[in-house]
Amino acid sequence: MPLEVRLAVSSMFALFLGTNLAAALPTTEVPNSEPAYLAKVKTAAPEPIVAKANIVMKQADGSMKTLQSGNNGYTCMINAAGTPLCADENGLAWIKALAAKQDPPDKVGFIYMLAGDTGTNNADAHDETHQHWVATGPHVMVVGPMVKEMAGYSRTVDVVDPTQPYAMYPGTRYEHLMLPVAEK
C-alpha cells in the first residue's frame with residue numbers, strides 16, 4: 001500500500017477514537033425538512049469532519065442546496081438510497097463518476113459512512129437486484145484504482161463477513177476498499 005494511503009488511513013482511524021457511531025443501518029428515508037436532514041447527515045462522519053464540511057441537500061428540481069458551508073474539503077449529504085455520507089473531493093468525484101457510469105478518477109479518495117449503508121449488489125454497482133447483496137454497518141471507503149493492487153482483502157462478490165475489510169465491486173472499475181468500523 002502506498003505510504004500516503006497508509007498515513008491517511010492511520011489518521012482516519014485516529015479520528016474514530018471517541019466517536020459515537022450509529023447503532024443500526026440507516027433507513028432508506030431521505031428527510032424533506034432541513035432540520036431532519038441535518039440530523040441524519042450528521043451521523044455520516046466524526047463531528048470534527050461534519051462541523052467543517054459543506055452539507056448539501058438535493059432539491060425537487062435536482063439542484064443541490066447548501067445547508068452549511070465548510071472549509072475542510074468534505075461534502076456531506078444523504079444519497080438517494082437514504083445513506084448519509086461525507087466525501088473528500090476525490091471521493092465526491094468518484095461518486096459522481098459512479099452515478100454517471102463513467103470511469104472514476106485516478107486519485108485516492110475517502111468516503112465516511114459511519115451510519116452504515118442500506119445495501120447493494122456487490123457484483124454490479126448499477127444492478128439493484130438482491131443478487132450478491134451486501135449491507136455494511138459503519139464504515140469508511142477508500143476509493144481509487146490503487147485498491148486493486150492492495151493485497152489481503154476479500155475480493156468475492158458474496159461477502160461472507162461485512163464486519164471485516166473487503167473489496168466492494170471486485171474486478172470492476174468501481175472496485176473500492178470497505179473498512180468497517182467497530183461500534184462502541
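Me: Which residue stands opposite Met64 in β2?
Reply: Lys58 stands opposite Met64. This is a predicted model: local features need pLDDT of at least 70, side-chain atom pairs count only at pLDDT 80 or more, and totals for chains, interfaces and linings use all residues. Residues are numbered from 1 along each chain as its sequence is written, and side-chain values use heavy atoms, with hydrogens and water left out.

Me: How many bridges join β1 to β2?
Reply: Four, and the strands run antiparallel. Strands are DSSP runs of E, at least two residues, and helices are runs of H or I, at least four, numbered from the N terminus. Pairing takes at least two DSSP bridges. β1 and β2 form a hairpin with five residues between them. Gly62 in the turn has a positive phi of about 95 degrees.

Me: What is the strand order in the open sheet?
Reply: β2-β1-β3-β4-β5-β8-β10-β9, with mixed pairing. β2 and β9 stand at the edges with a single partner strand each, so one side of each lacks a neighbour in the sheet.

Me: New topic. Which cysteines form a disulfide?
Reply: Cys76 and Cys86, with sulfur atoms 2.0 Å apart; the cut-off is a pair of cysteine sulfur atoms within 2.5 Å.

Me: Why does that pair tie separate parts together?
Reply: Cys76 lies in β3 and Cys86 in β4, so the pair ties parts that are 10 residues apart in sequence.

Me: Is Cys76 buried or exposed?
Reply: Buried, and so is Cys86. Buried means under 20% relative accessible area, exposed over 50%, partly exposed in between (1.4 Å probe, protein chains only).
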